[in-house]
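Reader: I would like to learn how to read a few features of a protein model. Please take me through them one at a time.

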Amino acid sequence: VKAQVNGAAILVGRAQWLRDNGVKDDFTKSVDLNETEGWSLIFVARDGHCVGWVGLQDKTRAEAKESLAELKDSGVRRIAMVSGDRQPVATRVAQEIGCDVWTADYHELLARPDVDVVDVSVPNDAHEAIVAAAAAAGKHIYCEKPLSVTVAEGKRMVAAVEQAGVKTQMTFNFRFFPAILRAKQLVAEKVMKGAVQERAVL
């Protein structure tokens, strides 16, 4: 980030980026965190001099490891993870959640013959590239919503998966909520004639 704040030139970013932008201090000597242990270090400079740093670390949700264990118990043979972060971060998170395979490059995952399905849960503007590559690699695709950020992008994604002949699904998590599944069952059993959704804001 580059900004002017009260007349001062502020830079916020990784160490090399600050150096590339003219910050000459030996500002990494004050760091007492190890990036190889999964820390990301962000430095702050004011008028060409480093004034501080922040250590950021991804944390896994408490239920993630249990959920993946349940998937394996249900017959899923292998769980692989791709992280957009650096390899040390991917390694630490994968070990915390009990993931079999991990990488920081999704192309490595797509090249594996033992990966059948890809869950695309990256930022929305990155969906198209991964969906197209996964389809070309013959992987089935589960993509988070929204599918794309433009109609043209979405049409290209649909064309890619249709050409590849792979199965796809977009996430609609409400479909799997117990109350929604029960309502569907009641409609199918003709206990209910239809469903009405109401929304309230308090």
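Author: Start with a loop: Phe177 lies between β9 (168-170) and α7 (178-188). Helices (H or I, at least four residues) and strands (E, at least two) are DSSP runs, numbered from the N terminus. This is a predicted model, in which local features need pLDDT of at least 70, side-chain atom pairs count only at pLDDT 80 or more, and totals for chains, interfaces and linings use all residues. Residues are numbered from 1 along each chain as its sequence is written, and side-chain values use heavy atoms, with hydrogens and water left out.

Reader: Why does phenylalanine 177 count as partly exposed?

Author: Buried means under 20% relative accessible area, exposed over 50%, and partly exposed in between (1.4 Å probe, protein chains only). Phenylalanine 177 counts as partly exposed because its relative accessibility is 39%.

Reader: How much of the protein is buried?

Author: Of its 202 residues, 24% are buried.

Reader: Which residues have the most contacts inside the largest nonpolar core?

Author: A nonpolar core is a set of buried Ala, Val, Leu, Ile, Met, Phe, Trp, Tyr and Cys residues joined through side-chain atoms within 4.5 Å. The largest one here has 14 residues, and Val118, Val120, Val131, Ile141 and Val161 have the most contacts inside it. Its largest share, four residues, comes from α5.

Reader: What does valine 120 touch, leaving out residues up to four places away in sequence?

Author: Contact means heavy atoms within 4.5 Å. On that count, valine 120 touches His127, Ile130, Val131, Ile141, Tyr142, Cys143 and Glu144.
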